[in-house]
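Here are a few notes to read alongside the model. Take them one at a time, and keep the structure open as you go.

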Amino acid sequence: MGSLNTQEPQTSFPTSIKPFEPEEFRKHVHLVVDFIVEHYKNIENYPVRSQVEPGYLWKRVPDSAPHGPEPMEDILRDVRNDIVPGLMHWQSPNFFGYFPINMSSAGFLGEMLCTAFNIPGFCWISSPACTELENIVTDWVGKMLQLPREFLFSGGGGGVIQGTTCEGILCTVVAARDRMLQKIGLENITKLVVYASDQTHSSFQKACQIAGIPRANFRAVGTTAQNAFSMRPDGLRPVIEADVKAGLVPLFLCLTVGTTSSTAVDPLGPLCDVAKEYGMWVHVDAAYAGSVCICPEFRHFLDGVEKADSFSFNPHKWFFTTMDMCCLWVKDPSALNDALSTNPEYLKNKASELKCVVDYKDWQICLSRRFRSLKLWIVLRTYGVANMQNFLRRHVGMAKEFEGFVRKDSRFEVVVPRNFSTTVFRVSPMGTYPDSTRVFGDQGANELSAKLLESVNDSGKVFMTHAVVGGVYVIRVAVGATLTEDRHVNLAWDVVQEHANQILFS
């Protein structure tokens with residue numbers, strides 16, 4: 001048997017390197033900040049949609065991690081040369097797809113501080129400022145939205161910052177599920193039924209599946225173009241009545257302010273009235289449109305929210321606060337606590353036992369959590385409510401301008417009324433052209449709209465996305481990127497016209 005080699009392996013790099021050294025960190029921060037600034041100064045020069053092929057990065061990056069350290073300059077060079085080409089540039093002023101995921105310098109700085117403190121604020125004792133700032137900031141934003149006092153800590157409710165809407169809705173579904181099962185027995189979980197419109201975001205269905213609601217018990221209530229694709233009480237009630245007659249138990253209704261496909265708005269008050277007749281939990285998802293409801297002229301879209309049990313919106317979408325952040329408010333925090341709380345010995349402490357503090361671990365799925373409220377607090381303090389409102393109004397104004405371009409061109413039609421900063425349009429089934437009136441029919445219009453969108457996005461100049469509502473293929477133009485100005489909206493319309501001229505006359 002050979003003897004063991006106990007000598008340290010030979011290295012060709014300094015052994016004194018440390019994971020954190022203040023002056024080295026300062027130097028690297030300057031390099032990264034300079035990189036970020038230059039990236040944003042040149043972001044318009046990049047194709048908005050990545051032009052790479054699947055698997056491109058495997059050909060550029062080594063198949064194993066480096067044995068020794070590499071200079072930050074080399075790492076940033078590789079970010080520029082290898083990573084940036086594979087990005088969809090969501091922060092480009094020419095990005096009009098999906099919904100915005102916008103940013104701000106204050107959001108970046110808040111993220112920096114959040115990361116620097118690096119605390120897992122699962123309960124009050126783990127970092128009191130983390131918990132208490134979240135209490136305060138969610139009350140601040142709740143007041144900006146004019147939420148009923150019952151949703152605020154000052155009124156017996158409360159807010160929590162989740163990572164995404166899916167997480168927030170999952171928490172409320174679980175709370176509603178457990179509250180109902182306490183009444184009817186755990187063995188009846190397969191009788192629980194949940195309701196939404198056929199326009200509701202898929203995150204709700206995913207949350208219900210995770211919560212153990214049978215897929216067969218998910219009801220998507222139909223919507224129509226005549227009602228701008230919003231759910232109607234006279235469409236919801238018969239669906240519920242049929243389930244009750246079949247011996248099932250209505251559990252949960254998810255309403256939306258600003259659906260993904262067309263930014264439709266469900267009438268909250270009348271639908272809540274129907275749901276409450278059957279003892280259902282009502283959640284209002286305003287992930288995108290909730291932001292603009294801090295403006296008084298848009299607050300009416302939330303009328304009726306006082307009848308709901310919970311409400312959420314995503315500041316990381318259109319509120320100048322970087323990923324990831326979903327604000328969720330509930331009227332009855334005990335419902336979340338009863339469903340989600342744990343109390344292991346290693347987390348016990350006097351403040352929690354006295355029930356004089358909030359332990360956010362019991363308001364969410366995970367244990368650990370980021371200091372997200374710090375970002376939102378810094379954004380709100382840096383800009384103030386009045387400026388936030390004006391930023392949002394500016395985006396709505398640019399969307400109105402784009403909508404006007406569409407309406408003036410007889411080759412296109414606006415499919416649904418524009419509520420916020422998203423225009424939904426298509427190639428008209430019967431358009432007027434310089435030489436004639438052309439009739440494509442709905443199927444032909446769908447095919448031409450899809451072909452037009454593909455051509456526009458292939459250009460790399462702008463990026464838009466599509467949806468299908470009521471069997472109609474539509475192109476969505478969502479204004480909301482922080483850097484977008486009038487000239488970018490004008491460019492987007494020029495690109496649409498350029499490619500429409502090629503496709504419609506070919």
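1. Start with H1, which gives the lining of the largest pocket its largest share, eleven residues. Helix H1 (22-41), helix H2 (72-83) and helix H3 (105-117) each supply at least two residues of that lining. Helices here are DSSP runs of H or I with at least four residues, strands are runs of E with at least two, and both are numbered from the N terminus. Do keep in mind that this is a predicted model, where local features need pLDDT of at least 70, side-chain atom pairs count only at pLDDT 80 or more, and totals for chains, interfaces and linings use all residues. Residues are numbered from 1 along each chain as its sequence is written, and side-chain values use heavy atoms, without hydrogens and water.

2. How much space lies in the largest pocket? About 1,400 Å³. Its lining counts 43 residues, and Val-29, Val-32, Val-33, Ile-36 and Met-112 are the closest to the centre. A pocket is an open set of points on a 1 Å grid over the protein atoms alone, where a 1.4 Å probe fits, with protein on both sides within 12 Å along at least five of seven lines; lining residues have an atom within 4 Å of a point. The volume is the space filled by probe spheres set on points joined across faces, edges and corners.

3. The lining of the largest pocket has 27 nonpolar, ten polar and six charged residues. Nonpolar covers Ala, Val, Leu, Ile, Met, Phe, Trp, Tyr, Cys and Pro; charged covers Asp, Glu, Lys and Arg; the others, Gly among them, are polar.

4. Now turn to the second largest pocket, with about 380 Å³ of space. Of its 17 lining residues, Asn-337, Ser-352, Lys-355, Asp-359 and Asp-362 are the closest to its centre. Four nonpolar, six polar and seven charged residues make up this lining.

5. Look at Asp-362, in the loop between H11 and helix H12 (372-408). Is Asp-362 buried or exposed? Asp-362 is buried, because its relative accessible area is 7%, and buried means under 20% (1.4 Å probe, protein chains only), exposed over 50%, partly exposed in between. Beyond neighbours within four places in sequence, Asp-362 is in contact (heavy atoms within 4.5 Å) with Leu-336, Asn-337, Leu-340, Ser-341 and Thr-342.

6. Finally, zoom out: the chain has 14 helices and 13 strands. Of its 506 residues, 51% count as buried.
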